[in-house]
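Subject: Structure handover

Dear colleague,

Here is the structure for you to look through. My notes on what was found come after it.

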Amino acid sequence: MYQKRLFYPVFKLHDDIRLLWLENVLWARFFIISAIFSLPDIQSVIQRLLRNPEDFAKIFRCFYNDKIAKRFEELFSNFLFNVTNMANVVKEENQQNFENLRGNCQDSARELARFLAHINPYWNERQLFNLFNEYLGLRADEVLLIFNGRYRESIRLFEKIQDQALKTAQIMISGLIWQFRLI
């Protein structure tokens with residue numbers, strides 16, 4: 001179906017995907033903190049966070065064509081935009097807007113999971129959607145904890161977010177290994 005265009009060692013793929021997922025959760029947290037506390041670094045944090053989908057797309061280009069990599073970058077950027085926008089919406093203290101945004105987040109999670117399952121038969125749409133949805137729930141809880149000054153709890157929750165990101169990374173890594181027979 002797709003032709004692998006570049007040699008990508010398994011150990012490098014493993015390290016790169018895990019690093020990108022960890023960077024994702026770290027920069028999203030930095031964004032949440034900067035947004036909630038109106039820190040002056042917000043634009044720099046946004047730029048760095050949005051580099052994450054670009055970096056993922058670079059890896060995707062090693063396995064898929066440019067069109068697929070670009071589409072992933074768009075979908076993942078949209079997903080991140082919705083997730084991080086929770087911090088802006090929670091400051092409004094409007095529960096209805098927050099719930100509406102959660103619905104948008106679920107829609108973008110569903111679209112991303114559907115796309116990934118379409119390009120790789122070893123990525124299960126339901127499993128990915130459940131992981132992305134879990135991520136959304138954890139992030140929403142984190143935003144509320146930080147907004148309400150419950151910092152210790154937010155740090156404990158962030159550890160769960162990291163673990164969840166590493167599960168997602170492992171699924172992506174395994175899917176690429178199986179689809180492209182890297183071992």
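The notes below cover confidence, aromatic pairs, salt bridges and a surface patch.

This is a predicted model, in which local features need pLDDT of at least 70, side-chain atom pairs count only at pLDDT 80 or more, and totals for chains, interfaces and linings use all residues. Residues are numbered from 1 along each chain as its sequence is written, and side-chain values use heavy atoms, with hydrogens and water left out.

Confidence

The predictor's confidence in each residue is given as pLDDT, from 0 to 100. The protein has a mean pLDDT of 93, with 97% of its residues at 70 or more. Confidence is highest in helix α6 (residues 151-179), at a mean of 98, and lowest in helix α4 (residues 95-119), at 91. Helices here are DSSP runs (H or I, at least four residues), numbered from the N terminus.

Aromatic pairs

A pair of aromatic rings is described by the distance of the centres and the angle of the planes. Rings of Phe, Tyr and Trp (its six-membered ring) pair if their centres lie within 6.5 Å; planes under 30 degrees apart count as stacked, over 60 as edge-to-face and the rest as tilted. Searching the whole structure gives 17 aromatic pairs. One of them is W21 with F76: the ring centres are 5.5 Å apart and the planes stand at 70 degrees, so this pair is edge-to-face. W21 belongs to helix α1 and F76 to helix α3 (residues 66-92), so the pair ties together parts that are 55 residues apart in sequence. Both W21 and F76 are buried, where buried means under 20% relative accessible area, exposed over 50%, and partly exposed in between (1.4 Å probe, protein chains only).

F79 and Y135 make a tilted aromatic pair, at 5.9 Å centre to centre and 35 degrees between the planes. This pair also links distant parts of the chain, with F79 in helix α3 and Y135 in helix α5 (residues 125-147), 56 residues apart. F79 and Y135 are both buried.

Salt bridges

A salt bridge is counted when a side-chain nitrogen of Lys or Arg is within 4 Å of a carboxyl oxygen of Asp or Glu. The count by this rule is 12.

- D55 and R51 form a salt bridge whose closest N and O atoms are 3.5 Å apart. The two residues are four apart in helix α2, so about one helical turn separates them. D55 is buried at 15% relative accessible area, while R51 is partly exposed at 38%.
- R61 and D66 meet through their side chains at 3.3 Å, N to O. R61 is partly exposed, at 25% relative accessible area, and D66 is partly exposed at 43%.
- E153 and R150 form a salt bridge with the closest N and O atoms 2.7 Å apart. E153 is partly exposed at 31%, as is R150 at 39%.

Surface patch

F37, L39 and Y151 form a nonpolar patch on the surface, with about 270 Å² of accessible area together. Patches are made of residues with over 30% relative accessible area and no salt bridge, with like charges joined within 9 Å and nonpolar side chains (Val, Leu, Ile, Met, Phe, Trp, Tyr) within 5 Å. Accessible areas come from the Shrake-Rupley method with a 1.4 Å probe, and for residues only the protein chains shown count as cover. F37 sits in the loop between α1 (10-36) and α2 (42-61), and is partly exposed, with a relative accessible area of 39%.

Regards
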